[in-house]
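Trainee: I am new to this structure and would be grateful for a close look at its open sheet. Please also describe the parts that accompany it.

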Amino acid sequence: MANPEHMEIQQDLENYKTTSGKVSLIDQEARQHMEDYSAGVRHYDREEYELAIEFLERALKGYYSEDEDCQIMCEGPQRFEEHEYLDYKAGLYEAVADHYMQVLACKHDCVRELATRSGRISPIENFLPLHYDYLQFAYYRVGDYVKALECAKSYLLFHPDDEDVLENAGYYEGLLEGTVDPATIKPRKEAKTLLRRHKLESHLLQVAAAGLGYAYTEPNYWNRYGPRQDEHSVPSSISSEPEDGPRLSLTKKPMPKPDRELKEGGPLLYSDVKFVYNSQQLNGTQRVLLDNVISEEQCRELHRVASGIMLAGDGYRGKTSPHTPNERFEGATVLKALKYGYEGRVPLKSARLFYDISEKARRIVESYFLLNSTLYFSYTHLVCRTALSGQQERRNDLSHPIHADNCLLDPEANECWKEPPAYTFRDYSALLYMNADFEGGEFIFTEMDAKTVTASIKPKCGRMISFSSGGENPHGVKAVTKGQRCAVALWFTLDPLYRELERIQADEVIAMLDQEHLGPSEMNINPKDEL
């Protein structure tokens with residue numbers, strides 16, 4: 001439940017269901033208020049507003065009940081980890097103050113605890129206010145303007161400067177004019193009470209930190225703009241522009257302001273590279289499709305290199321079928337290619353081609369997305385997926401399940417969790433295809449639900465798809481049902497601390513080869529190393 005991408009467990013579950021007959025599986029760690037919230041959002045997305053209201057109201061009731069339980073559980077013994085050392089000695093008043101502050105910090109953190117799904121580290125951002133945001137719009141759609149205004153005002157307790165909801169509230173007040181005095185409609189009492197208590201806890205914790213001499217930083221519990229980017233997840237503004245009544249639009253909330261400005265459309269650097277589609281044409285953000293990045297002859301040469309250097313399960317601890325039991329996965333790194341080239345197992349010129357075309361791809365990506373800092377390699381992998389004969393009938397799986405490259409995609413929660421074991425340092429990704437003589441294997445982008453396909457790309461020699469690595473770009477690969485699909489997979493980072501170690505070593509080898517032909521003892525590379 002916490003790892004919906006884990007294909008082996010999914011297959012195990014299906015096997016258990018088959019062997020045990022008709023069985024209903026229950027998630028023993030699920031929280032009912034979370035389940036009701038998720039159900040409410042699903043109904044909201046389907047425009048089933050009455051059902052959305054039912055589940056979201058039930059979720060709110062469950063949330064406040066769980067909050068009471070969380071507050072009570074914090075009253076027990078606490079562990080003040082900062083004081084767990086031998087020299088720490090506290091008098092009576094110090095010990096009482098330490099304990100009380102730990103109880104208070106525990107209670108204050110209930111907001112985070114109740115917004116975190118089982119198995120996750122990070123909470124759903126803006127979790128409690130989102131209930132009221134969904135409800136204000138849903139109540140409007142069923143014609144209950146009093147409740148719509150009440151929920152809008154409740155949301156504004158948390159975000160009083162939210163222009164979209166302020167506009168909505170003003171519109172609801174206009175609809176009620178002459179029938180109900182909008183001033184009599186107040187935010188919900190339980191929301192006011194919780195927020196008042198939360199602010200008081202924060203004040204006490206900061207005063208105590210200053211007085212007792214320990215560090216305390218108030219977390220941003222109500223961050224409005226989480227990683228959610230699909231168009232139907234966050235209610236937005238209402239406009240009354242059309243003559244026949246109000247126009248309601250569900251649009252994207254702004255994503256978190258990145259540490260760089262997102263741009264695209266820069267030069268492709270090479271005259272033979274052909275632009276095909278941009279982000280808008282691919283129905284997404286920070287996406288580009290290019291052709292002729294490498295020639296037909298270079299594709300054939302890379303394919304010959306691949307057949308001589310790839311190992312089954314490379315990059316996946318030797319698992320020959322890491323994503324699906326219906327295909328064989330093989331791969332190789334740049335340094336391994338150079339090692340084999342130096343040893344004479346493959347032509348050195350061909351091994352060097354792998355290095356050169358990956359550098360060409362990096363330069364194109366860096367230039368097209370107009371990055372104002374250097375883009376470094378995070379991982380470079382020559383990969384092939386081969387359909388296994390006799391296992392292709394009635395396939396309903398994917399060659400590579402839907403995922404994001406720097407966060408853990410959670411379709412049920414409509415979130416992408418940027419936390420380990422995800423490669424959170426990755427910023428951009430690219431796939432450079434080498435062939436088209438296979439069946440299936442289309443690259444697809446989806447919505448956050450991991451089901452709704454927004455773009456599908458058929459690989460062919462020289463075609464490259466590149467995109468930003470975050471939750472805004474969930475993607476996967478359809479089943480390869482016949483033949484072998486090969487590509488150069490590239491991941492990049494803007495952080496030099498996460499540069500690919502093998503790439504740095506490969507750079508050194510190339511630099512030395514450019515100077516002169518060196519012997520094994522002078523190259524600082526051991527041909528016997530297992531890479």
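Mentor: The sheet in question is open and has eight strands in the order S3-S4-S15-S11-S18-S7-S6-S5, with antiparallel pairing. Because strand S3 (274-277) and strand S5 (311-312) stand at the edges with a single partner strand each, one side of each is left without a neighbour in the sheet. Strands (E, at least two residues) and helices (H or I, at least four) are DSSP runs, numbered from the N terminus, and two strands pair if DSSP finds at least two bridges between them.

A word on the origin of these values is needed here. This is a predicted model, in which local features need pLDDT of at least 70 and side-chain atom pairs count only at pLDDT 80 or more, while totals for chains, interfaces and linings use all residues. Residues are numbered from 1 along each chain as its sequence is written, and side-chain values use heavy atoms, with hydrogens and water left out.

Let us follow individual pairings within the sheet. Strand S11 (residues 428-433) pairs with strand S15 (residues 464-468) in the antiparallel sense, over five bridges.

Buried means under 20% relative accessible area, exposed means over 50%, and partly exposed lies in between (1.4 Å probe, protein chains only).

Rolling a probe the size of a water molecule over the atoms shows where empty space is left. The structure holds two cavities of 30 Å³ or more, and the second largest cavity has a volume of about 40 Å³. A cavity is a set of points, on a 1 Å grid over the protein atoms alone, where a 1.4 Å probe fits but cannot get out, and its lining residues have an atom within 4 Å of a point. Grid points are joined across faces, edges and corners, and a volume is the space filled by probe spheres set on the points. S6 gives the most to the lining of the second largest cavity, with three residues. The residues that line this cavity are Ser321, Pro322, His323, Thr324, Glu327, Arg328, Phe329, Arg385 and Ser399. The lining divides into two nonpolar, four polar and three charged residues. In this division Ala, Val, Leu, Ile, Met, Phe, Trp, Tyr, Cys and Pro count as nonpolar, Asp, Glu, Lys and Arg as charged, and the others, Gly among them, as polar.

Of its 49 residues, Ile309, Met464 and Val488 touch the most other members. Strand S4 (287-291), H10, helix H11 (334-343), H12, S7, S11, strand S18 (484-493) and helix H13 (501-515) each supply at least two residues of this core. H12 gives the most to this core, with nine residues. A nonpolar core is a set of buried Ala, Val, Leu, Ile, Met, Phe, Trp, Tyr and Cys residues joined through side-chain atoms within 4.5 Å.

In helix H12 (residues 348-368), Glu359 and Arg362 are three residues apart, and so are separated by about one helical turn. Their side chains meet in a salt bridge (2.9 Å, N to O), that is, a side-chain nitrogen of Lys or Arg within 4 Å of a carboxyl oxygen of Asp or Glu. Glu359 counts as partly exposed because its relative accessibility is 24%, whereas Arg362, with a relative accessible area of 11%, is buried. Helix H10 (residues 296-309) contains Ser307, which counts as exposed because its relative accessibility is 63%. Ser307 and Val346 are 39 residues apart in sequence, and their C-alpha atoms are 9.6 Å apart in space.

How values were computed:
On a 1 Å grid over the protein atoms alone, a cavity is a set of points where a 1.4 Å probe fits but cannot get out, and a pocket is an open set with protein on both sides within 12 Å along at least five of seven lines; lining residues have an atom within 4 Å of a point.
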